[in-house]
Amino acid sequence: MDEAVTERVRALPGTLTFLDLIRKNKRDSILLIGLMLVLNTFLGAVMGGAAISLFGSIGEPVGFWHEYADTAASAANPENAVFIDQRLERTAERAARAPLTMLGLNLGVYGDGRRTAVYVVAGAVVMMLLTAGTAAWSWFNGGKAIMRMVHARVIAPEQDPVLYNVVDEMRLAAGIPMPKIYIIPDTALNAFATGRDPEHGIVAITSGLREKLTRDELQGVMAHEIAHIRHLDIRFSMLMAMLVGLIVVACDVLLRVGFYGGVRAGGRRGGRGSGGSGGGSMIAIMFLLIAIVLSVVAPLLAKMIQMAYSRKREYLADAGAVELTRNPRGLASALRKLAEDTEPLVETANRGTAHMFIMNPLRRAKQAAAGKRGRNSRHNRSSIFSSHPPVAERIARLMALDR
Amino acid sequence: MGWIFLGVFVLVVVVVGFWVVGMYNKLVRYRLDYENGWAQIDVQLKRRYDLIPNLVETVKGYASHEKETLEGVINARANAMQVHDAADAGPQAMGQAEGMLTQALGKLFALAESYPDLKANANFLELQEELTTTENKIGFARQHYNDTVGRYETLRQSFPSNIVAGMFNFEHQEFLEFEDRAEIANAPQVSF
């Protein structure tokens, strides 16, 4: 027994096994959804606050909700309505002020406190539902949606028996079901894997890369992708692609709302300074400022988390690939070919999906040039914004496993 | 006082109970893993048995006088199938028979090198890719099977999970070793 146990190849660092990686990815996926829910709900609240300046004039009761409430109340009993209205207003004012006070923004929420609260809550609820919806939708359709985004088409075993056999060999080594194989008709060199679990796994390769690799190299690349599936990186990166995409879109909207809203609010404030609108404009402008800052910071933050996670996962998938093939040279030689190629995959890849590929599909030329300059050149060090570790470092780590 | 002892006792029983259930389920899961791994090997072994008669026929057309090698393959296949279908065939006996078949096939492909006409035959090339990938798949499926058996055996034999394994009679499982173990351990590699 002992002999065969020692025969098992250990390529992952320390005592880490693929089972640990699966557990970590399951946990991280849940954490990611939670984090995105909180972040997006907050974004939605700010969006709602900023939207006031777009959809209503501050300090005047033209908001549809306000008008409706007034009309309904006065129709029932004019005298009573004023009393209830005032009480409602005070309650809403306090409710609206609470989160802002907590944020250290002690703003004067005056006459339009209730309407502010409605907008803020509505924005928060809409974004929360959107986030939950996106997560749920991508859970079931994310893989196929990403395939559509990169214009990939599924292939049958007869269309490319060798590719099919190589993938079959690797999935047997990993002990997972056969994934679907997609071809991306593009001369650029790249490959990636996605899906929510190994039962719904997908591997994709560009036709350019398929043609350029020997069987050994193809085996290395496919082992890397199968390792992503086996480690369950695919679930995390799929959710990441979808949710970061949502944040980028939301922040884009926020920036526009902030900008146009700022122009409008500024113009109105300068135009006429009636009693209630002074304080109201203050809130609006504060919201707009937060909106603009957030819309710049949030996507950057999301990107940084995304990239930090994906860099580490690339190294682990390289090591996982060696545990499957027991041959680091195939993948290393494939990576060398990938690094030499400078054609970016811009037609099909974007910043939302960049982290899923075996090689960064966007900044290929710079990376390749850096690769030639050697391991320690300035451009070759990994920055916090690069989705992939430097190729030279990956090859060096692979060759260290070659005994 | 009595209540406290009773409470502690019940708590300990409940905790141990949960642990035993958890460990039992883990052992079952690991056993299922290697059984699945074995099934995957089996599929590939059968695929290899099916491919061989075709290959032998094709080679015969070009190198009918290489009787010894051809018969070696036919006999190794028959032997492997017999061992495979025997009710009590364990991984050890099967490993031996399949290892011999692998070696016999290796000889046949080496022989084909000296027959350019055979090497140019489309049918032969197709069979060669099929058999090569099947050989690779057997190797990789075996690698995975041995990994899962290793995981299962480690859990089964180490303390304290061995108590649960003993209680519910989780049996020892053998690794699958082929005759030419040293070769296969060095990764099944095919280059074109």
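Which residue in β2(A) is the bridge partner of A:Val154? The views below, taken from a predicted model, start with that pairing.

**View 1. Here's where β1 meets β2 in chain A.** The answer is A:Tyr182, which sits in β2(A) and partners A:Val154. Strand β2 covers residues 180–184 of chain A, and it runs antiparallel to β1(A), with 2 bridges joining the two.

**View 2. Step back and you get an open sheet of 4 strands in chain A.** Read across, the order goes β1-β2-β4-β3, and the pairing is mixed. β1 (153–154) and β3 of chain A are the edge strands; each has a single partner strand, so one side of each has no neighbour in the sheet.

**View 3. Now look at β3 of chain A, covered on both faces.** This strand takes in residues 191–194. A:Ala191 and A:Ala193 are buried on one side, while A:Phe192 and A:Thr194 are buried on the other. In a regular strand, side chains alternate between the sheet's two faces. β3(A) runs antiparallel to β4 (residues 202–206) of chain A, with 4 bridges between them; A:Ala191, for one, has A:Ile205 as its bridge partner in β4(A). Lying across β3 and β4 of chain A is helix α8 (residues 215–231), at about 20° to β3(A).

**View 4. Last stop: the largest nonpolar core, with 105 residues.** A:Val46, A:Ala204, A:Leu254 and A:Ala291 touch the most other members. Helix α9 (residues 233–271) of chain A gives this core its largest share, 15 residues. Leaving out residues up to four places away in sequence, A:Leu254 touches several residues, including A:Leu43, A:Met47 and A:Leu294. Another core, of 15 residues, lies apart from it, with B:Ile52 and B:Leu101 among them.

Key: Residues are numbered from 1 along each chain as its sequence is written. Chains are lettered from A and ligands numbered from 1 in the order in which they are written. This is a predicted model: local features need pLDDT of at least 70, side-chain atom pairs count only at pLDDT 80 or more; totals for chains, interfaces and linings use all residues. A residue is buried if 20 or more other C-beta atoms lie within 10 Å of its own, exposed if 12 or fewer, and partly exposed in between; C-beta atoms are placed from the backbone. Two strands pair if DSSP finds at least two bridges between them. Two residues are in contact if their C-beta atoms, placed from the backbone, lie within 7 Å. Axes are lines fitted to C-alpha atoms, for helices over the stretch in contact, and angles run from 0 to 180 degrees between N-to-C directions. A nonpolar core is a set of buried Ala, Val, Leu, Ile, Met, Phe, Trp, Tyr and Cys residues joined through C-beta atoms within 7 Å.
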